[in-house]
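Please look over the structure below, and then read the points that follow.

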Amino acid sequence: KRFAIKAKGNYGGDNTWMRMNNEPGEWAVAYHGTNMKVVPNIIRSGFRVGAGQGAKKTLDSRTREQVGEGVYCTPNLPVAECYSNGKEDNASEQQDTVVAVDGKEVFFAFQCRVDPTKIRRPSRPFARCNDEEIMGIDGCFEWIIGSDYIRPYGVLVRDKQALPHTPLAQLIGNGRWNKSHEPKAPGFFALQVPGGPNHNELHDPEQLQRSFEVA
């Protein structure tokens, strides 16, 4: 189930960031899995940069600069579920196990929009390239974003037993993530990126070539 969070008009200006017409000003969709007890705080106060910063010294695949600290999110729901489940990533601040509601274990995840010009794409050993224009959305494990550039607008809830859940160890263990996702030449996935295919800041050829080389 999806529960909407009132977001229109909460951030000043117009609501172009919420649209999905592939035009300038739109923000990308991302998910943030967490425990139920954290949900009210994020709804009230937004995201904060947490203590679990396992990728902060890794390099961005586009800029080759350290990604630094930020809020971790993903365009990939199966990844978000691993952080809803808790205790699947020792480097994560989220170590609370999944909660039971009316006797059923329940996953919680925020549906968010992130400013595509502020996304940092860490190159990790288990997920070498997290560039959506090279790997596609399904091939992106994680993004890092400043807390001012991620806006929750929905809460997703599902019964853990209703559908199979793939644990993090199965997603990334033994190089599975890298083996399962094939990079494509720059431009192949351009239309998946919010903001329009002619948005120069998002489609810098030199940066995309760097990501392709990393992948």
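1. Strand 2 gives the largest share of the lining of the largest pocket, four residues; strands (E, at least two residues) and helices (H or I, at least four) are DSSP runs, numbered from the N terminus. The model is a predicted one, in which local features need pLDDT of at least 70 and side-chain atom pairs count only at pLDDT 80 or more, while totals for chains, interfaces and linings use all residues. Residues are numbered from 1 along each chain as its sequence is written, and side-chain values use heavy atoms, with hydrogens and water left out.

2. At least two lining residues each come from strand 2, helix 1 (39–45), strand 3 (71–73) and helix 2.

3. Helix 2 (residues 77–85) is mostly covered, seven of its nine residues being buried, that is, under 20% relative accessible area with a 1.4 Å probe, protein chains only. Among the buried ones are Glu81, Cys82 and Tyr83. The buried residues of this helix pack against several elements, including strand 5 (104–114), strand 7 (150–159) and helix 4 (168–172). Just after helix 2, glycine 86 adopts a positive phi of about 80°.

4. Over the entire protein there are six helices and seven strands, and 48% of the 215 residues count as buried. Of the contacts (heavy atoms within 4.5 Å) with a separation of 6 or more, 76% join residues 24 or more positions apart. The C-alpha trace spans about 50 × 45 × 30 Å along its principal axes.

Note on methods. Buried means under 20% relative accessible area, exposed over 50%, partly exposed in between (1.4 Å probe, protein chains only).
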